[in-house]
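Dear colleague,

I am passing a structure on to you with this message, and I would be grateful if you could look through it before reading my notes further down.

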Amino acid sequence: MKALGVVLGFVIAGVAATAHADCAAPPAVKAYLAQHPGWTVFDEAALSLDDRKLWSELHAGQCPGLASADLTGSGKTAYAVAVTTAGKDGMWQVVLIGDRSVRTLRAPSRSQTVVWATPPGELVEVQTARRVTAKHPAFVLAALESSAEAFYHADGKLQSLWISD
């Protein structure tokens, strides 16, 4: 598996939620990436053949490095963005970008990560079976065929829950 660099960026903008099959970064994401030379949006071509097939079956027409949703119900779109540096020695890092702030969600690692948006509804924590109802869409960060963590907004804060291991 290729080790690549990833940033999960939640960039707030007033755009409707959409699937991004072509991995073209919206203007707000481009502005963030301009501050990080050498990074590009992670696309399907960077996945292994097996992972590409799995991604196509589960998320046809979506970019594995770009998802968008209104996480808070405010009418503002947030973007989950997985970006990569060139080469097999890159690192994945997950950060949250929104409302003029940046927050690291995961320290840099060599684990390939994909992102997607999931609709409002019930999320179940994999270890404890704790159930949470997400009132708005959530973003999922996942290592294909491995663990997945959902990020959702509740009680005025961003929350997370391991939904697969």
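Predicted model: local features only at pLDDT ≥ 70, side-chain atom pairs only at ≥ 80, totals over all residues.

Four strands make up an open sheet with antiparallel pairing, in the order S7-S10-S11-S12, and its edges are formed by S7 and S12, each of which pairs on one side only. On average, neighbouring strands of this sheet are turned by 25 degrees against each other, if direction is ignored. Between S7 and S10 the antiparallel pairing runs over five bridges, and Val115 has Leu141 in S10 as its bridge partner.

The largest nonpolar core holds 28 residues, of which Val114, Phe139 and Tyr152 touch the most other members. Among the strands that each supply at least two residues of this core are S2 (66-69), S3 (78-81) and S9 (131-134) as well as S7, S10, S11 and S12, and the strand that gives the most is S10, with five residues. Once its neighbours within four places in sequence are left aside, Tyr152 is in contact with residues including Leu123, Val132, Ala134, Ala138 and Leu161. There is also a second, separate core of 11 residues, with Cys23, Val41, Leu66 and Tyr79 among them.

In helix H1, which spans residues 27-34, the buried residues are Val29, Tyr32 and Leu33; seen down the helix axis, these buried residues fall within an arc of 95 degrees, so they line one face of H1. Pro27, Lys30 and Ala34, by contrast, are exposed on the other side of H1.

With best regards

Note on methods:
Residues numbered from 1 in each chain as written. Heavy atoms only, no water. Core = buried A, V, L, I, M, F, W, Y, C linked by side-chain atoms within 4.5 Å. Buried < 20%, exposed > 50% of the residue type's maximum accessible area, 1.4 Å probe, protein only. Contact = heavy atoms within 4.5 Å. Arc of directions from axis to C-beta. Pairing = 2+ DSSP bridges. Axes fitted to C-alpha atoms, helices over the stretch in contact; angles between N-to-C directions.
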